[in-house]
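Here's a quick briefing to read alongside the structure.

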Amino acid sequence: MAQASDPIASSSADISGFGNLPPLNRGDRNLNPPGIRFLALLREDLQTFDGNLFEPGFWAIALHRFGNWRMDIRPKLIRATFSLVHRMLTWWVELIGGVHLPYIVRLGRRVRIWHHGGIVLHARSIGDDVHIRHCTTFGIASRDQLRAIPTIEDRVDIGCGVCVLGNVTIGHDSFIGANAVVVSDIPPFSTAVGVPARVIKQSRASGQQA
């Protein structure tokens, strides 16, 4: 994934009208959810997966938490050992579980990855209580917009085979139907389906939001 310091990515983003996007997370600090300790966070994640230690989705999320936790380790020489372990386990989870979830993605609490395989999750952030199913892709829409990646808000339910591409936001409490391709923003409390995805329903709760 291109970093904010990548001159090609920055130049392309400016040309494509994405120069106002904030830089991507550099991965140099712990972005685990605040207000909860690392082990308590892992216990909560395990409960989210019904206590099943053998869920590949749980492995991917636990490894993500570990990848962020290690950034608090000082000095860097000691952290290097944990970084090597993280890299090796990342390769193993991607090979066995088919889930690619970089630790630089800001990940909320109680996220569940149902099933596994063909899952690539490059996003600026994924909110709390999000459900993700197999063959889901979050990422760029084109190679000249490497900083334009999605934001998934709280309590979003993602169907099988969904692609969410580019600088788009899926609003909270929304449902994205199976095999949809999302290339534009989805408002909160929406149901979206199709290629490209279009909103077919908005709940009454959407009108109650401030």
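Which residue in S13 does valine 164 stand opposite? That would be valine 182. Bear in mind that this is a predicted model.

- Five strands line up as S1-S4-S7-S10-S13 in an open sheet, and the pairing is parallel.
- Strand S1 (99-100) and strand S13 (181-182) sit at the edges, so to speak, each pairing on one side only.
- S10 covers residues 163-165 and runs parallel to S13, with two bridges joining them.

- A nonpolar surface patch is made up of Val85, Leu89, Trp91, Trp92, Leu95 and Ile96, and together they have about 600 Å² of accessible area.
- Leucine 95 belongs to helix H4, which spans residues 76-97.
- With a relative accessible area of 53%, leucine 95 counts as exposed, because the cut-off for that label is over 50%.
- Tryptophan 91 is in helix H4 too, and its 57% relative accessibility also makes it exposed.
- Leucine 95 and glycine 117 are 22 residues apart along the chain, and their C-alpha atoms are separated by 9.3 Å.

**Aromatic rings**
- The structure has six aromatic pairs.
- Take tryptophan 59 and tryptophan 92: their ring centres are 5.0 Å apart and their planes meet at 35°, so this pair is tilted.
- That pair ties together distant parts of the chain, with tryptophan 59 in helix H3 (residues 56-69) and tryptophan 92 in helix H4, 33 residues apart.
- Both partners are partly exposed: tryptophan 59 at 21% relative accessibility and tryptophan 92 with a relative accessible area of 36%.
- Phe38, Phe66, Trp69 and Phe82 are linked into a cluster by ring pairs.

**Cysteines**
- If you're wondering about disulfides, a search of the whole structure turns up zero.
- As for accessibility, cysteine 160 is partly exposed with a relative accessible area of 24%, and cysteine 163 is partly exposed with 23%.

Methods
Residues numbered from 1 in each chain as written. Predicted model: local features only at pLDDT ≥ 70, side-chain atom pairs only at ≥ 80, totals over all residues. Heavy atoms only, no water. Helix = DSSP H or I, 4+ residues; strand = E, 2+ residues; numbered from the N terminus. Buried < 20%, exposed > 50% of the residue type's maximum accessible area, 1.4 Å probe, protein only. Disulfide = S-S within 2.5 Å. Pairing = 2+ DSSP bridges. Patch = residues over 30% accessible without salt bridge, like charges linked within 9 Å, V, L, I, M, F, W, Y side chains within 5 Å. Areas by Shrake-Rupley, 256 points an atom, 1.4 Å probe, with all protein chains shown as cover. Salt bridge = Lys/Arg side-chain N within 4 Å of Asp/Glu carboxyl O. Phe/Tyr/Trp six-rings, centres within 6.5 Å; stacked < 30°, edge-to-face > 60°.
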